[in-house]
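Please read the report below alongside the sequence and the model. It goes through some helices, strands and single residues in turn.

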Amino acid sequence: MAAPGENLRINADRLWDAIHEMAKIGPGVAGGNNRQTVTDEDGEGRHLFKRWCEEAGMSVAVDEMGTMFARREGTDPDALPVYVGSHLDTQPTGGRYDGVLGVLGGLEIVRSLNDLGIKTKHPIIVTNWTNEEGTRFAPAMLASGVFAGVIDRDWAYDRRDKEGKRFGDELERIGWKGEEPVGGRKMKAFFELHIEQGPILEAEEIDIGVVTHGQGLRWIECTVTGKGSHTGSTPMPMRKNAGRGLAQITELVHEIAMKHQPNAVGAIGQIDVYPNSRNIIPEKVVFTIDFRSHLINTLEAMVAEFEEKAPGICEALGCSFESTIAGRFDPPAFNETCVKAIRDAAERLGYSHRNIVSGAGHDACWINRVAPTAMVMCPCVDGLSHNEAEEISKEWAQAGADVLFHAVVETAEIVE
């Protein structure tokens, strides 16, 4: 198939304006966004995206998980579509670019093709996956996981937030529970543009990350149970302090991850302490460990070491320990043909690039199981993400979207 000419570029100003127009919906308290999945704000953002897609001549379909598919027709109605997209939901204190860049970058591809009067053989479908973040309803990448057949739809519907609200009920409440069965769509390929969410590209002054692999992860939800008692009157040797169990396990997680450098990370993020009173020794602590590696043997070794050592740490403190795997996916290797399309596009356009492993999970990691998939990354300032201070430049956004444009259009095949 013929490669697009190097003068084929997206409209960077229009993409940048769209990103910041979307950011007006669900604003955060410090310049970012709080547009969590299946909230009213999520619903409002979906309506705006749908309107933009329809104005660009696309038809919009919604599946039973609320995932949106905006279709630009190709000249061959029987040709498999090329999919492109990411997610519009955010963390509670999220930035303006995580996920949004990938969805609106896909929209900009269609807008630019329309401007240039270019037709493609294969349809192009811009996708907004539901609940990528997994903060309100765990696990992350929920809808793409159902699409890929690794998560059961009804189990997903029954996920509950901290207030006990069901995902399925909230999806229906905001009016975005579609009728299309999940997972029946066939793809020629899927491409996702995302900010790096790490410091490598910026530190090395590289324009484009060509993602060859994603990291696998294991989320281990742990409960340490001790005995709540008065902090002032309980002798130190007689305490059963669940907080000490958390502290020592925190160090254990760090030691395990450091032992497997440079190909592993681990930390404890979410923590709930009970009864969380100033003058009561913690009787119970519930927390989640996040282990990641793009090497499956490394990932499994970290989990095995943790499960071997953590119970003994708590037993020595007079506390009990329980754990369960709350989230998991194995490290994906992205499709070589799709990866090459991204690498070739970066070279054709004159952007510096390097291979990179995605440290975060993305919808592409699940879709990779059912379709040829690859990812493009652009830098973000200080590698900061999942934070309202998340920042990228318009030039970085343009470079990533230009490469995405070329990879998608080459795969969808320009009709001369």
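Helices (H or I, at least four residues) and strands (E, at least two) are DSSP runs, numbered from the N terminus. Helix α9 (residues 296-316) is such a run, and E305 is found in α9. The model is predicted, so local features need pLDDT of at least 70 and side-chain atom pairs count only at pLDDT 80 or more, while totals for chains, interfaces and linings use all residues. Residues are numbered from 1 along each chain as its sequence is written, and side-chain values use heavy atoms, with hydrogens and water left out.

Buried means under 20% relative accessible area, exposed over 50%, and partly exposed in between (1.4 Å probe, protein chains only). E305 has a relative accessible area of 11% and is therefore buried. Contact means heavy atoms within 4.5 Å. Not counting residues up to four places away in sequence, E305 touches I256, K259 and H260.

P311 also lies in helix α9. Its relative accessible area is 33%, so P311 is partly exposed. Leaving aside neighbours within four places in sequence, P311 is in contact with F306 and F321. P311 and G245 are 66 residues apart along the chain, and their C-alpha atoms are separated by 9.5 Å.

Axes are lines fitted to C-alpha atoms, for helices over the stretch in contact, and angles run from 0 to 180 degrees between N-to-C directions. Helix α1 (residues 12-22) packs with helix α2 (residues 40-55) at an angle of about 150°, and the two axes are 11 Å apart. That angle makes α1 roughly antiparallel to α2; angles under 35 degrees count as roughly parallel, over 145 as roughly antiparallel, 65 to 115 as roughly perpendicular and the rest as oblique. On the α1 side the contact is made by A18, E21 and M22, and on the α2 side by G45, L48, F49 and W52. By class, this contact has 5 nonpolar, 1 polar and 1 charged residues. Here Ala, Val, Leu, Ile, Met, Phe, Trp, Tyr, Cys and Pro count as nonpolar, Asp, Glu, Lys and Arg as charged, and the others, Gly among them, as polar.

Helix α3 (residues 100-116) has 17 residues and reaches 24 Å from its first C-alpha to its last, close to the 24 Å expected at 1.5 Å a residue. The expected span is 1.5 Å times one less than the number of residues. Of the 17 residues in α3, 14 are buried, and the helix is mostly covered. Just after α3, G117 takes a positive phi of about 65°.

**Strands**

Two strands pair if DSSP finds at least two bridges between them.

| Strands | Sense | Bridges |
|---|---|---|
| β1 (residues 59-62) and β2 | antiparallel | 4 bridges |
| β2 and β5 (residues 124-128) | antiparallel | 5 bridges |
| β9 and β10 (residues 284-293) | antiparallel | 8 bridges |

Strand β2 (residues 68-72) is largely enclosed by the rest of the structure, because 4 of its 5 residues are buried. In β2, R71 is the bridge partner of S59, and M68 stands opposite N128 in β5. β1 and β2 form a hairpin with 5 residues between them, and G66 in the turn has a positive phi of about 85°.

Which strands form the open sheet, and in what order? There are 4 strands, in the order β9-β10-β8-β11, with antiparallel pairing. The edge strands, β9 (265-274) and β11 (320-329), each pair on one side only. Neighbouring strands of this sheet are turned by 20° against each other on average, direction ignored. A267 stands opposite D290 in β10. Helix α8 (residues 242-259) lies across β8 (216-225), β9, β10 and β11, and runs at about 5° to β10.
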